[in-house]
Amino acid sequence: MLIEIENLSVTFTAQGKPLRAVQEVSFAVAAKSAFGLVGESGSGKSTILRAICGLAPISGGSIRIAGETIRHDRAFSRQVQMVFQDPYASLHPRHSIDRTLSEPLAIHGLPLSESRIQQALTDVGLPANFRFRYPHQLSGGQRQRVAIARALMLEPKILLLDEPTSALDASVQAETLNLLSRLRAERGLTFLMVSHDLAVIDHMCDRILVMQHGRSVESLSRQALASGQMTTAYARSLFAASADRMLPP
Amino acid sequence: MSLLSVKNLRVSFDTETGRVDAVRGVSFSLGRERLGIVGESGSGKTMTGRALLRLIRPPGQIAADEMRFDGIDLLQASEKTMRSLRGPRISMVMQDPKYSLNPVMRVGAQLTEGLRLRDRLSKPAAYAKALEALIAVQIRDPERVMQAYPHELSGGMGQRVMIAMMLIPNPDLLIADEPTSALDVTVQAEVLKILDDLVRARGMGLIFISHDLRLVARFCDRVLVMYKGKIVEELAAKDLLQAKHPYTQGLLNCLPRIGGPRSMLPSLERDASWAG
């Protein structure tokens, strides 16, 4: 298993009181597979991704990648990168696309070259001359492609995807999901993906963990999800609320 | 009589690179019902909603043959009349809580501001009313949320705070611009149930702007499909999944389905003639 999460807990302090965002969640993700986290907002699914990246405090349990407990150093960021939900907030508004994509290389002391940036843009289906643009000159879907290109600059093995298409239109969502599927196949990436859209999770992921109130509720295979074979009431209610996302009979 | 009638609404912007027509001749009328407006970003659906409240700043311009709400001519109304309409008569839930809530004011202060200033309620009465509104949108810990700043709330909570805020003055017409796009399915169902109860119980009209066709099909009575500033199709919500227009069909086809194939999703092929 490439990613192993054991009894992970994350506790924030809100107004002097502890807020237990994630409580003793365990799961494992096989290399080159796609794993989905679903649940309502506040269920702690995004917090798990943030804890893996070091953006949320781990108060208990462990996260191991390729058998080793994670340390948030440079070597880590060459292995794991994250794509955030809102492409309007996750790109620096005053950095050109060129600068946004060069920065990871500069930080890691890797050779910078024009062709590398052009290649990165071409890989995500954007014209190479987009590197002279600023985020406000791009549409939401184009920005999300830039965010994906940035995440791939260091050639990581693992992509953490936090609702990567929920801010996008149906047609742009389809293009972005197709792009992610293609990149995963081409580069042998492992995805850990958060979404509240069961249809998106079902389309992309092999295994699914359902979460509620910071705890894991049920782990499902894709087949079990598609055929509605869940054992807990909460997972069932989530499934029922997505009835309009089913394949028409 | 219909609550709102709009004939040939146009919204345009004069920019450095020429004139941009965001809305090009939209006509519809609305009773005490749930009307959905669907389309992609840039189709003019948000601009249509904002134009009804005359919330489009220069260089944006609104023109229409008619725009009438409950007997009031919205095109001729003075700015003072418009201010008295916005909120108590017509309110709008904006899309993104991150940009629509004041980041440096506690939620409680934002919720009670209108009640204190407009309705001249006492502090405890306003607090009680705001708390009630938060409970109505099913916020689990309303006392904490009242004390919180917007950045301390999740997207779904922020969205519910905004809905609570718009419902406090009990409007006749609610324009909801993507009110549930930041919410997950179960909370989405709850919020829609709240909106639905309000439409029925208070006889409120609702304009529901969304890019989620399936949601609109389930929730609204009637749907307008917009493409590049025009209405390309109008149909009863229950017929949306059997839509005739190739644009509507294309939007439906590119959605993933539970149990669907893993192959690439079909992309939307656009036809220049749709924009007409």
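**α3 against α5, chain A**

I looked up how α3(A) and α5(A) run in this predicted model, and they come out roughly parallel to each other, because their angle falls on that side of the cut-offs (under 35 degrees is roughly parallel, over 145 roughly antiparallel, 65 to 115 roughly perpendicular, the rest oblique). The angle is about 25 degrees and the axes are 8 Å apart, for α3 (residues 97-107) and α5 (residues 140-152). Axes are lines fitted to C-alpha atoms over the stretch in contact, with angles from 0 to 180 degrees between N-to-C directions; helices are DSSP runs of H or I, at least four residues, and strands are E runs of at least two, numbered from the N terminus.

Next I checked who touches whom (heavy atoms within 4.5 Å). From α3(A), Ile97(A), Thr100(A), Leu101(A) and Pro104(A) meet Val146(A), Ala149(A) and Arg150(A) of α5(A). I sorted these contact residues into five nonpolar, one polar and one charged (Ala, Val, Leu, Ile, Met, Phe, Trp, Tyr, Cys and Pro are nonpolar; Asp, Glu, Lys and Arg charged; the others, Gly among them, polar).

**Second largest pocket**

Then I went to the lining of this pocket in chain B. α2 (79-85), β7 (90-93), α4 (107-117) and α7 (155-167) each supply at least two lining residues. α4(B) gives the most, with six. By class I got 15 nonpolar, six polar and four charged residues in the lining.

**Ground rules**

Residues count from 1 along each chain as its sequence is written, with chains lettered from A and ligands numbered from 1 in written order. Local features need pLDDT of at least 70 and side-chain atom pairs pLDDT 80 or more, while totals for chains, interfaces and linings use all residues; side-chain values use heavy atoms, leaving out hydrogens and water.
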